[in-house]
Amino acid sequence: MRLTNFSDYSLRMLLYAATCRDRLITIEETADLYGISRHHLMKVANQLTQAGFLKAIRGRHGGLELARDAAEIRLGDVLRATEPDFALVECFAPVKPNGSVCRISASCRLRGVLAEALQAFMETMDRYTLADVLLSPDDFGLQPAA
């Protein structure tokens, strides 16, 4: 299984916002910190704001902060909000317009195994919150707030 960059960047942005909980973060500083495109992070921040994980503060001294406590943000919920689908294999995806489907779909037993594995993955992600994986400012090379 492989998560999209979008989900990876979403988790990273939330980790950074949680670490800097005493101040607002900006897309620009987050992009610089991780070496990620500002344009990509703008999309990530927008999605996380719409999903209720981040709160955007407008204005000259605006920025982003967690919309709720890190202990209330389950990692599984973040992935459900940021992954386009969990189609591990072709038969998990909606049927294509051209009708292309795996030839053994009707009798394949692998589909059930993969569905069980995906369920176990999501159950594991649901057991952990952002607070469980928090980093310290030192991990980001940041100076502690005065």
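Trainee: In what order do the elements of the chain run from the N terminus on?
Mentor: Helices (H or I, at least four residues) and strands (E, at least two) are DSSP runs, numbered from the N terminus. The chain has 5 helices and 2 strands. Read from the N terminus, the order is α-α-α-β-β-α-α.

Trainee: Before we go on, what kind of model is this?
Mentor: Residues are numbered from 1 along each chain as its sequence is written, and side-chain values use heavy atoms, with hydrogens and water left out. As for the kind, local features need pLDDT of at least 70, side-chain atom pairs count only at pLDDT 80 or more, and totals for chains, interfaces and linings use all residues, since this is a predicted model.

Trainee: What percentage of the 146 residues of the chain count as buried?
Mentor: Buried means under 20% relative accessible area, exposed over 50%, and partly exposed in between (1.4 Å probe, protein chains only). Among the 146 residues of the chain, the buried share is 30%.

Trainee: Now the helices. At what angle do α1 and α2 pack?
Mentor: Two packed helices are described by the angle between their axes and the distance between the axes. Axes are lines fitted to C-alpha atoms, for helices over the stretch in contact, and angles run from 0 to 180 degrees between N-to-C directions. Helix α1 covers residues 5-19 and helix α2 residues 27-34; their axes are 11 Å apart, and the angle is about 110°.

Trainee: Which word describes how α1 sits relative to α2?
Mentor: Angles under 35 degrees count as roughly parallel, over 145 as roughly antiparallel, 65 to 115 as roughly perpendicular and the rest as oblique. With an angle of about 110°, α1 is therefore, relative to α2, roughly perpendicular.

Trainee: Which residues in α2 meet α1?
Mentor: Contact means heavy atoms within 4.5 Å. From α1, the residues taking part are Arg12, Met13, Leu15 and Tyr16. On the α2 side they are Ile27, Glu29, Thr30, Leu33 and Tyr34.

Trainee: And how do the residues of the contact of α1 with α2 divide?
Mentor: Ala, Val, Leu, Ile, Met, Phe, Trp, Tyr, Cys and Pro count as nonpolar, Asp, Glu, Lys and Arg as charged, and the others, Gly among them, as polar. For α1 with α2, that gives 6 nonpolar, 1 polar and 2 charged.

Trainee: How far apart are the axes of α1 and α3?
Mentor: Helix α3 spans residues 38-50, and its angle to α1 is about 75°. So α1 and α3 are roughly perpendicular to each other. Their axes are apart by 10 Å.

Trainee: Which residues in α1 meet α3?
Mentor: On the α3 side we find His40, Leu41, Lys43, Val44, Ala45, Gln47 and Leu48. The contact divides into 8 nonpolar, 3 polar and 1 charged. The α1 residues are Phe6, Tyr9, Ser10, Met13 and Leu14.

Trainee: What about α4 and α5: which word describes how they lie to each other?
Mentor: The axes of helix α4 (residues 75-82) and α5 come within 5 Å and cross at roughly 125°. That angle makes the two helices, α4 and α5, therefore oblique.

Trainee: Is Ser7 buried or exposed?
Mentor: Ser7 lies in helix α1. Leaving aside neighbours within four places in sequence, Ser7 is in contact with Leu79, Thr82 and Glu83. Its relative accessibility is 0%, so Ser7 counts as buried.

Trainee: What is the length of the polar contact that joins the side chains of Glu83 and Ser7?
Mentor: A polar contact is a pair of N or O atoms within 3.5 Å; within protein, one must be able to donate a hydrogen and the other to accept it, and residues adjacent in sequence count only if both atoms are side-chain atoms. Glu83 is found in the loop between α4 and α5, and Glu83 is buried, with a relative accessible area of 10%. The contact joining the side chains of Glu83 and Ser7 is 2.6 Å.

Trainee: Last one: the backbone nitrogen of which residue lies 2.8 Å from a polar atom of the side chain of Asp132?
Mentor: Asp132 is found in the segment after α5 (110-127), and Asp132 counts as partly exposed because its relative accessibility is 48%. The backbone nitrogen belongs to Thr129.
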